[in-house]
Each structure stands twice: as structure tokens, then as C-alpha cells.
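Thanks for coming. Please have a look at the model first.

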Amino acid sequence: MNFCTPTIKKGSRPVSEAFAALAAKAELDRADLVKLLSAKALDEIEAVRAEAERVLLAHCGEGVYLRGLVEASNACASDCLYCGIRKSNRDVNRYTLSLEDILSCARQCADMGYGSMVLQSGERADRKFLGLVEEAVLRIRDETRSEKQPDGLGITLCIGQQSYETYQRLYEAGAHRYLLRIESTNPKLFAQMHPADQTFQSRIDCLKMLRQIGYQVGTGVMIGLPGQTLEDLADDILFFDTLDIDMIGMGPFIPHPGTPMGDLPCPDVAERVRLALLMIAVARLKLKDVNIAATTALQALDPVGREKGLRAGANIIMPQMSPTDVRADYQLYPGKPCIEENATDCQSCLNMRIEFAGRKIGLYAWGDSAHARKRQNG
Ligand code: SAH
């Protein structure tokens with residue numbers, strides 16, 4: 001097993017005064033966001049990061065909350081041009097976890113004190129799968145109640161575009177958060193990356209329906225896409241703000257060789273990691289009290305990517321909880337970490353990573369965003 005030793009040390013590093021002043025500005029406009037995202041020199045990046053960390057601690061506290069990630073099925077009816085499990089990729093061994101498998105992952109999450117889980121899958125709107133998800137949500141909420149967590153695990157769904165009725169039904173079953181990335185808010189980029197059945201407008205409609213039903217809503221984008229500009233990324237952050245979203249999951253784009261976008265030119269790895277970390281920091285500066293995940297894609301490109309994400313303003317980590325024997329079959333992109341580990345390995349590795357980032361692990365708690373709590377309390 002590979003425990004990557006985090007090497008980030010706390011301490012004072014040189015800080016660009018100009019970037020520090022800009023990062024601390026009360027209302028950041030589009031031009032400010034673009035400027036902050038252009039930070040290149042180490043002292044510029046450190047200025048943005050340090051202010052984002054300060055804003056995070058002031059608005060959300062030092063807790064890092066966990067969402068055990070269970071990849072329920074890699075079967076997919078859609079053909080997104082970047083995604084390794086797109087339906088046209090014949091090299092994928094397709095699977096769907098059984099209800100018993102999902103429940104056993106959930107129990108493991110609960111036993112380890114991870115307060116929440118995420119059920120993710122390819123795009124599937126078939127009756128059988130939706131029935132499985134509904135049953136799983138009902139049973140998870142019921143069977144993971146304990147003295148330490150009387151309401152059971154919090155459940156986030158990430159199963160793509162669905163009808164209003166489906167979203168409603170799954171909400172009533174007990175799911176309370178939903179993640180649906182917009183992938184890019186530049187409609188042209190969006191259209192280039194998606195098949196005709198996935199439209200920019202239909203994703204926005206889904207995000208609005210989810211909010212209307214009562215979910216806490218998360219969205220996000222891929223960073224370092226071919227043709228993407230800093231202005232596009234600034235617009236992505238403005239979009240999160242305008243839609244009043246509660247959580248953000250975003251990470252670097254990682255070309256998958258089995259997809260049409262596998263060999264398009266995109267920024268190199270270091271550049272995509274730099275941009276992804278800056279996006280976390282700048283989104284934190286603009287939105288302040290939302291939950292932001294340090295995503296697995298960051299760790300796929302940098303062994304300490306998630307710790308760097310935490311130090312740049314993220315407060316959520318999604319530890320892998322899928323059964324080890326299916327992990328390799330759910331590869332949205334190559335280089336996915338933790339494929340050979342099991343849930344307990346991931347637990348000890350995570351504790352260490354969070355401590356190294358100077359933060360506290362939040363166990364037995366749903367860890368809803370401060371933003372959602374404020375909205376719900378009026
Ligand atoms: N079908 C669900 C779940 C998709 S997987 C849905 O569409 O919501 C979750 C996320 O993985 C996607 O939203 C996408 O942003 C990310 N992803 C897929 N392929 C990727 C790639 N090649 N590089 C980086 N992220 C990728």
C-alpha cells in the first residue's frame with residue numbers, strides 16, 4: 001500500500017502584497033477573479049491561498065467533513081466526450097452493485113464515523129436502477145442510525161440528469177444533497193464536450209429543480225479543459241454565486257485515452273494542478289461559506305493534491321468506499337488513486353492527511369455547508 005508522505009509544512013512564506021490586497025477585497029468582480037486566477041509566482045499564489053484559508057476558517061471553521069464515495073454502477077447511457085465510462089467505451093467491464101453491497105459500504109462508513117456518503121453512478125434513468133437507489137437510500141437512513149448519529153448517515157446523490165419526479169422521489173426517500181456538475185459554464189465548451197442529449201440548459205434546469213425540491217445543491221466544473229480561458233473559470237465562479245449553490249466539487253481535467261478528448265491539447269499537469277488549486281481558493285474568496293471538496297482528481301495528478309486543496313480553502317474529502325474489486329472498473333480518468341486499497345486503509349491514510357493539513361476531522365456529522373444552514377434558517 002502506498003501511503004504518500006505529505007510534505008507540506010506550515011510556516012510563513014513570502015506573500016505578494018498586491019495579490020494579498022486584492023484577495024482581501026470585499027466584493028470581487030469578474031476582472032478581480034481573472035486577476036487572482038492568473039497568480040503564477042509563488043508569492044502571488046501564497047497570497048491567494050493564505051487569504052482563502054483565512055476566509056475558510058472564519059466562515060466554516062477548521063472541520064474537514066467526509067463523504068464516503070460509493071460508485072454504485074458504471075453502466076452509462078450517455079456519451080460525454082471526456083468520461084472514461086461513457087457508453088461507447090467498449091473496454092469497460094460494466095457492473096452494478098447489489099443492494100446488499102451498497103448497504104455494507106454504508107455500514108462501514110457509519111462504523112468509521114464518516115457522517116455522510118455519496119452514491120455516484122453513470123447516467124442511468126432506467127426503472128431497475130432508480131428502484132435500487134431508492135431502496136438503498138431508505139435502508140441506509142434507517143440502518144445506519146446509532147447513538148452517535150441518531151439520524152443515520154447523510155446521503156448525497158450524484159447520478160446525473162433525472163426527471164423532476166425522480167429527484168422528488170429520491171428526496172422523499174431521504175437523500176438531502178445532490179451533486180450535478182455543470183462541467184463548464186461556457187456554453188460553447190459545454191456543447192463541444194457533450195452529446196446532443198446533454199444540453200447546457202437541461203443541466204441548469206436540473207440544478208433549479210433540485211433546489212426547488214429542497215436538496216442542498218452542489219455543482220462544479222473541470223479545470224484545464226482544452227480551449228478553456230481564465231475568463232471562463234471566472235464565469236464559472238460567478239455562476240456558482242448566482243445560482244446560490246451550497247457545495248462545489250471541481251478538479252483538474254484528466255484526458256482519458258479511451259475517449260474522444262483523450263489526445264486534445266490541454267495545459268500540462270503542473271499547470272492544471274496550479275489552476276485547480278487557485279480555483280478552490282478563489283471560489284472560497286468569492287462564496288465564503290459553501291462546502292468545497294478537495295477532489296480525488298487533484299490527488300490523481302499530485303500525490304498531495306488533496307492536502308493542498310484543503311490548505312487552499314476546501315473542507316470536504318470524499319474517501320473511496322466502493323468495494324475494492326470494482327474500483328478499477330470506475331475510471332472516469334486514468335491514474336485514479338486508491339484502486340487497490342480497502343476502506344480501512346483509506347481511513348488511516350486520510351486521518352494522517354487531514355492532520356498534516358493542520359485541520360480537524362469532523363466525524364459522526366453530516367457536515368452541511370454553513371451556507372445551506374443559513375439559508376434554511378432564513
Ligand atoms: N453521471 C454522473 C456522475 C459523473 S462522474 C453525472 O454526470 O453527474 C462525476 C464527475 O467526474 C463528472 O461530473 C466530471 O466532472 C468528472 N469527470 C469525468 N471525466 C473526467 C475526466 N476525464 N477528467 C476529470 N474529471 C472527469
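**Cysteines, then the chain**

Cys266 is partly exposed, with a relative accessible area of 23%. The bands I use are these: buried is under 20% relative accessible area, exposed is over 50%, and partly exposed is in between, with a 1.4 Å probe and protein chains only.

Before I go on, a note on the source. This is a predicted model, where local features need pLDDT of at least 70 and side-chain atom pairs count only at pLDDT 80 or more, while totals for chains, interfaces and linings use all residues. Residues are numbered from 1 along each chain as its sequence is written, and side-chain values use heavy atoms, with hydrogens and water left out.

Back to Cys266. Which cysteine sulfur is closest to the sulfur of Cys266? That is the one in Cys83, and at 16 Å it is too far for a bond. A disulfide is a covalent bond between the sulfur atoms of two cysteines. Here the term is applied to a pair of cysteine sulfur atoms within 2.5 Å.

Next, Cys349. Is Cys349 buried or exposed? Cys349 is buried, at a relative accessible area of 9%. For its sulfur, the closest cysteine sulfur belongs to Cys338, 6.2 Å away, which is again too far for a bond. Searching the whole structure gives 0 disulfides.

Cys338 also turns up around Gln320. Contact means heavy atoms within 4.5 Å. Leaving aside residues up to four places away in sequence, Gln320 touches Leu69, Glu71, Arg327, Lys336, Cys338 and Cys346. Gln320 sits in the loop between β9 (316-317) and α13 (324-327), and it is buried, with a relative accessible area of 6%. From Gln320 to Tyr215 there are 105 residues in sequence and 23 Å in space, C-alpha to C-alpha.

Now the chain as a whole. How many helices and strands does the chain have? There are 15 helices and 10 strands, counted as DSSP runs from the N terminus (helices H or I, at least four residues; strands E, at least two).

Of the 378 residues, 59% are buried. Among contacts with a separation of 6 or more, 76% join residues 24 or more positions apart. The C-alpha trace spans about 55 × 50 × 45 Å along its principal axes.

That is the tour, and I will take questions now.
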